[in-house]
Amino acid sequence: MRNKYKISVIGLGYVGLPLAISLSKHFKIVGYDENNSRIDELRKGIDTTKEIKNTIIKKTSITFTDNEINLKDSDIYIITVPTPVDKNNKPDLRKILSATKTVTKYISKNNLIIYESTIYPGCTSEILIPLIEQKTNFILNKDFFVGYSPERINPGLSKYKLENQTKIISGSNKKALKILQFIYGKIIKKKLYPTVEIKVAEAAKIIENTQRDINIAFVNELSILFHKFNINTKEVLLAAKTKWNFLNFTPGLVGGHCIGVDPYYLKHRAIKSGFIPKIISSGRIVNDSIPKFIFNETNKIIKLKKKKNQK
């Protein structure tokens, strides 16, 4: 038996689709994406992100739509749209702002809006909530409620999925938090971790990936240094990790949706507060320089081989 809540999930990428599928086992779900090609694929039972098996999509009860009118009469709206950076590595909030504006056309009193997109600490309270209030003339915690529960999806063939990880939840008040506990409690097999306020949840999410970025930057810098020393970095790390408290990271390219992006969100908010984050900035500089380093070293090897072949 499904619960009385009608939930709309806005954004059906590698985060939104698994969430919508899991929730559809307990609630009436509308899956909305403005990309009509994506909706056409899902209606045919095809997930190009390969997060969900096609057989599961074909059996789901989700209403897949690119028509925003189908968001009407929902009780809960969950926004899971991308939050990238622009060409200057500044937060690009256009999609999350657009999704919020879309939702404000259809929310009614006592509705709950939940954000899962990665944003910097304070973004919900400083930008998103004022936007909702401005567009609706509603008052937070009187006419509507807000929650934040950062996604922890690890795309690809990973054992870490939505249901088997601890899920951070936060709400604009106790009532909002109670609803988040109820709906996510239906699908999370591990545990829920409520934070004292939304800012804490936002900050926790953004440092998860920033920490990884900094640690990878450290071993990337070491790999460059050991290369100059003519020392095998892999052998050094194998030896070092025999100590019980050594954090085992490996050098390489940093890309994807999160690790190479989230530190810029934190840096942006830090600078806005008048603080210059030195370690976060340095980590990004190092990791952004690795493709060029790999190219240069590869080019040297190619030129050296060409010279040998010419002799």
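In what order do the eight strands of the open sheet lie? I read E3-E2-E1-E4-E5-E6-E7-E8, with mixed pairing. Strands here are DSSP runs (E, at least two residues), and helices are runs too (H or I, at least four), numbered from the N terminus. Two strands pair if DSSP finds at least two bridges between them.

Before going on, I noted that this is a predicted model: local features need pLDDT of at least 70, side-chain atom pairs count only at pLDDT 80 or more, and totals for chains, interfaces and linings use all residues. Residues are numbered from 1 along each chain as its sequence is written, and side-chain values use heavy atoms, with hydrogens and water left out.

Entry: I looked at strand E7, residues 167-171. E7 pairs with E8 in the parallel sense, over three bridges. Ile169 stands opposite Pro194 in E8. Next I found helix H6, residues 174-185, packed on the sheet. H6 touches E1, E4, E5, E6, E7 and E8; contact means heavy atoms within 4.5 Å. The direction of H6 makes about 150 degrees with that of E7. Axes are lines fitted to C-alpha atoms, for helices over the stretch in contact, and angles run from 0 to 180 degrees between N-to-C directions. Helix H5 (123-136) lies across E5 and E6.

**Entry: Thr60.** Is Thr60 buried or exposed? I found it buried, because its relative accessibility is 17%; buried means under 20% relative accessible area, exposed over 50%, partly exposed in between (1.4 Å probe, protein chains only). Thr60 sits in the loop between helix H3 and E3. Leaving out residues up to four places away in sequence, Thr60 touches Ile21 and Ser24.

Entry: I searched a 1 Å grid over the protein atoms alone: a cavity is a set of points where a 1.4 Å probe fits but cannot get out, and a pocket is an open set with protein on both sides within 12 Å along at least five of seven lines. Lining residues have an atom within 4 Å of a point. A volume is the space filled by probe spheres set on the points, which are joined across faces, edges and corners. How much space lies in the largest cavity? I got about 40 Å³. Its lining includes Pro150 and Lys167. The largest pocket has about 620 Å³. Helix H4 gives the most to the lining of that pocket, with five residues. The second largest pocket has about 510 Å³.
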